[in-house]
Amino acid sequence: MPVATNAFKQYLKSEPNMKMGSNAAVNRFIKEGINTYLDLADFDKASLDILAKNAHRTVPAVEADAAAGIIAEPAVPGTVISTVSMVRIATACEAVKYYVATGRVPDGTSMHYANVLVNFKVDYEAFKELKKQDAPDVPDVKDNDGDRKIIKWLPIFFDCMSRKYGVKVIINH
């Protein structure tokens with residue numbers, strides 16, 4: 001298992017990113033096995049809720065046992081991971097899944113919450129809502145109707161464009 005770097009610990013602790021604030025919260029999070037950005041891909045909402053509940057409990061120290069190949073580890077005190085941090089972590093988990101699915105490797109720049117993930121969250125939530133909707137009905141134009149059928153395209157166009165979501169999409173009616 002990879003060891004968490006100081007950069008990843010700082011990512012979890014810093015204000016513009018995961019906003020965990022205390023070293024105790026960061027250490028408890030690391031103790032759960034989240035040492036890199038890619039480790040976030042294994043979590044969904046239910047497992048993050050369990051992680052937040054487990055963080056309250058102290059992890060006892062492990063005594064060294066050379067015969068069994070066990071290294072000594074200090075105890076990790078229980079702590080409270082804030083709701084803000086858990087919401088941000090949930091967004092980061094979805095972003096990592098997206099990066100992996102599109103063949104990209106998450107790094108400090110692409111996982112920066114204030115610069116990147118806050119916009120990703122808006123787009124992702126809009127995408128989830130869009131997936132729930134039915135596809136719009138597009139009228140068919142048949143050759144045998146000739147000039148008898150006139151389609152008013154403007155309302156259909158506005159309907160189509162109103163279904164476009166994103167941070168930078170602007171539709172004026």
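The structure is a predicted model, in which local features need pLDDT of at least 70 and side-chain atom pairs count only at pLDDT 80 or more, while totals for chains, interfaces and linings use all residues. Residues are numbered from 1 along each chain as its sequence is written, and side-chain values use heavy atoms, with hydrogens and water left out.

The protein chain contains 6 helices and 0 strands, taken as DSSP runs numbered from the N terminus (helices: H or I, at least four residues; strands: E, at least two). The order of elements from the N terminus is α-α-α-α-α-α. Of the 173 residues of the chain, 27% count as buried. Among contacts (heavy atoms within 4.5 Å) with a separation of 6 or more, 58% are made by residues 24 or more positions apart.

Helix H4 comprises residues 83-101. Its 19 residues should span 27 Å at 1.5 Å a residue, and the end C-alpha atoms are 27 Å apart, which agrees; the expected span is 1.5 Å times one less than the number of residues. The buried residues of H4 include Met86, Ile89, Ala92, Cys93, Val96 and Tyr99. The cover over the buried residues of H4 includes H1, H2, H3 and H5. Gly103, which follows H4, has a positive phi near 75°.

Helix H5 comprises residues 113-132, and its 20 residues should span 28 Å at 1.5 Å a residue; the distance of 26 Å between its end C-alpha atoms agrees with this. Tyr113, Leu117, Phe120 and Ala126 are buried in H5, and the buried residues of this helix pack against H1 and H4.

The axes of H4 and H5 come within 10 Å and cross at roughly 80°, where axes are lines fitted to C-alpha atoms, for helices over the stretch in contact, and angles run from 0 to 180 degrees between N-to-C directions. The two helices are therefore roughly perpendicular to each other, the class for angles of 65 to 115 degrees (under 35 is roughly parallel, over 145 roughly antiparallel, and the rest oblique). Residues of H4 in this contact include Val87, Ala95, Tyr98 and Tyr99, which meet residues of H5 including Val116, Phe120, Lys121 and Tyr124. By class, 10 nonpolar, 1 polar and 3 charged residues take part in the contact of H4 with H5; Ala, Val, Leu, Ile, Met, Phe, Trp, Tyr, Cys and Pro count as nonpolar, Asp, Glu, Lys and Arg as charged, and the others, Gly among them, as polar.

A search of the whole structure finds 6 aromatic pairs, in which the centres of Phe, Tyr or Trp rings (for Trp, the six-membered ring) lie within 6.5 Å, with planes under 30 degrees apart counted as stacked, over 60 as edge-to-face and the rest as tilted. The rings of Tyr11 and Tyr37 have centres 5.0 Å apart and planes at 80°, so this pair is edge-to-face. Tyr11 belongs to helix H1 (residues 6-13) and Tyr37 to the loop between helix H2 (23-31) and helix H3 (45-54), so the pair ties together parts that are 26 residues apart in sequence. Tyr11 is buried at 4% relative accessibility, and Tyr37 is buried at 16%. The pair of Tyr98 and Tyr99 is tilted, with 5.9 Å from centre to centre and 55° between the planes. Tyr99 is buried, its relative accessible area being 4%. Ring pairs link Tyr98 and Tyr99 with Phe120 and Tyr124 into a cluster.

Terms used:
Buried means under 20% relative accessible area, exposed over 50%, partly exposed in between (1.4 Å probe, protein chains only).
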